[in-house]
Amino acid sequence: MTTHMNKEQMNGHAALHSLLSNGQKRVDYPRLLELGRELLIAIGEDPDREGLLDTPRRWADSWREFVEYDPGSTETCFSSASTDQMVCVSGMRVFSMCEHHLMPFWCDVAIGYITGDKVLGLSKFARIAHQFAHKLQLQERIGHEIADEITRITDSPDVAVVLKGEHMCMTARGIRTPGVMTSSVMRGVFRSESEARLEFLRLIE
């Protein structure tokens, strides 16, 4: 069925293409509103009944908030008081969306690295973790992207990331069984030296 867009919707599509050409990720909000209404109809609901009148907007808002998330500044570093020090931050919970089923999952993230001449600001660990969770994702990929970013910002090749997550695509569908998935990325001394790896794992317990 052909859908005719009004002027506001056409402007929304044009703005989307302009923003994407500048490298900024933005949703097509007018189209999301349409899809929210179509989804309700497709599952046998009446989008015009009282309880659902505002559901397409809420649904579109949630996707816009998820995709257009701004982590803020992630690159603030300070001069290191001493080099060759292990820094670990753990207990950071992030939420993402499984790219295979479009269902949510959460991960508790732990990050460690060996300092050089500079140290990363504490809040930046969480900002970096959230930055890579706010898109269609795989848990394993989040770990690699976080490790890449920590290395890029700190210039440290010695980076470790551990993620423990629960996925609704397993818990709420299919086998319908709760389970925690653990994945890790170990680079530099965390990969080559068992003592450094074990120290990191003990610190994040």
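Me: Why does phenylalanine 190 count as buried?
Reply: Phenylalanine 190 has 0% relative accessibility, and buried means under 20% relative accessible area (exposed is over 50%, partly exposed in between; 1.4 Å probe, protein chains only), so phenylalanine 190 is buried. This is a predicted model, where local features need pLDDT of at least 70, side-chain atom pairs count only at pLDDT 80 or more, and totals for chains, interfaces and linings use all residues. Residues are numbered from 1 along each chain as its sequence is written, and side-chain values use heavy atoms, with hydrogens and water left out.

Me: How do you know that phenylalanine 200 is buried or exposed?
Reply: Its relative accessible area is 0%, so phenylalanine 200 is buried.

Me: What makes the pair of phenylalanine 190 and phenylalanine 200 edge-to-face?
Reply: Rings of Phe, Tyr and Trp (its six-membered ring) pair if their centres lie within 6.5 Å; planes under 30 degrees apart are stacked, over 60 edge-to-face, and the rest tilted. Here the centres are 5.6 Å apart and the planes at 65°, so the pair is edge-to-face. Phenylalanine 190 belongs to helix α7 (residues 189-192) and phenylalanine 200 to helix α8 (residues 194-203); helices are DSSP runs of H or I, at least four residues, numbered from the N terminus.

Me: How many aromatic pairs does this rule give?
Reply: The count is 3 aromatic pairs. One of them joins tyrosine 113 and phenylalanine 125, with 6.0 Å centre to centre and 40° between the planes, and is tilted.

Me: Why is phenylalanine 125 called buried?
Reply: Phenylalanine 125 has 1% relative accessibility, so it counts as buried.

Notes. Helix = DSSP H or I, 4+ residues; strand = E, 2+ residues; numbered from the N terminus.
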